[in-house]
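This report covers the overall fold, the metal site and some backbone features of one protein model.

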Amino acid sequence: MLTADQISKFHDDGYIVLADFKSADELATLKARALEIAADHDWEAQKTIFTTDREKRNLANAANAYFIESATTVKCFFEEKAFDEAGELVQPLEQSINKIGHAMHDLDPVFKAFSTGAKLNELATDLGMVMPQVWQSMYIFKQPRIGGEVGWHQDGSFFYTEPLSVITFWFAVDDATLENGCLWVEPLGHKGPLRERYTLSGEFPKMIEVDPTPWPDTGTAIPLEVKAGTLICFKGTLPHYSAANTSDQARHATTLHVTDGTADYVKENWIQRGADFPVRGFID
Ligand code: FE2
């Protein structure tokens, strides 16, 4: 699927941008399903907010217990600015959910159809994967006006293998622009160390620093503005972030996190699968 030049550029740059990977029909079907899941969410009963704040992520609280439950289920998380002081939604429900995660690719037929198949498998093979294993799916709404920022991080922190093997598959469902919170990456940042590991032992997770290298200055980052249907694949050590969405346009995206089954997926990773719910590849 990829040319030799594209493959070497992926390894040199730490990422690759593939325009027109998904059709308008595939995107519309997935978006409709995501909006349906959001609309079905019982928001008065479950108001957990998704945050990338490192201190909040390490709290032994109900929000983090709910997050851990989502490893093998399908859960909705709210934007930080979704609720007013009285706990009422500021915008309609479908414009308040931050993301859906994290096992739709196995549990929801529409997401499964989007997230599997020979084309993705061939791409993963071209990117160097011997045995792709898809641990997680997310549907990220980056809602108009209240879509929260996601600070600098590396996805290898969440899917640690020895050697490191995770590749993120990031699909633009809407056009991603400077205004609505496109991805930003650090040029050549994938050549640096993994700085943190998100680990789980017991009921609650912890983000632990493993290397003191500071996060890059945002002044050195480059934006990846892409059209809907584009797939961006990037390495687990590539630092990336996305800004808040202050525009009136949503920036929906959906992601898959994939490791290579030939590497050792450690037992401290927050998502684990057993024989009753095994991790799968793109074509099993
Ligand atoms: Fe990420």
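What share of the contacts in the protein chain with a separation of 6 or more comes from residues 24 or more positions apart? Such residues account for 84% of these contacts, a contact being heavy atoms within 4.5 Å. The model is predicted, so local features need pLDDT of at least 70 and side-chain atom pairs count only at pLDDT 80 or more, while totals for chains, interfaces and linings use all residues. Residues are numbered from 1 along each chain as its sequence is written, and side-chain values use heavy atoms, with hydrogens and water left out.

**Overall fold**

The protein chain has seven helices and 15 strands; these are DSSP runs numbered from the N terminus, helices being H or I of at least four residues and strands E of at least two. Its radius of gyration is 18 Å against 19 Å from the globule rule for 284 residues, so the chain is as compact as a globular protein of that length. The radius is taken over C-alpha atoms, and the rule is 2.2 Å times the number of residues to the power 0.38. Along the principal axes, the C-alpha atoms fill a box of roughly 55 × 45 × 40 Å. Of the 284 residues, 54% count as buried (buried is under 20% relative accessible area, exposed over 50%, partly exposed in between; 1.4 Å probe, protein chains only).

**Iron site**

The iron ion is coordinated by H153 (NE2), D155 (OD) and H240 (NE2) at 2.1 to 2.2 Å. Donors are N, O and S atoms within 2.8 Å of the metal (3.2 Å for Na, K and Ca); water is not among the atoms, so sites may look incomplete. The sequence spacing of the donor residues is H-x1-D-x84-H. Both H153 and D155 are buried.

F234, in strand β12 (residues 231–235), is buried with a relative accessible area of 1%.

**Backbone features**

Most residues other than glycine have a negative phi, and most peptide bonds are trans.

| Site | Feature | Angle |
|---|---|---|
| G101–H102 | cis peptide bond | omega about 0° |
| E162–P163 | cis peptide bond | omega near -5° |
| R145 | positive phi | about 70° |
| L188 | positive phi | about 65° |

H102 is in strand β3 (residues 97–102), whereas P163 lies in the loop between β6 (161–162) and β7 (167–172). R145 is in the loop between β4 (132–140) and β5 (150–153) and is partly exposed at 39% relative accessibility.
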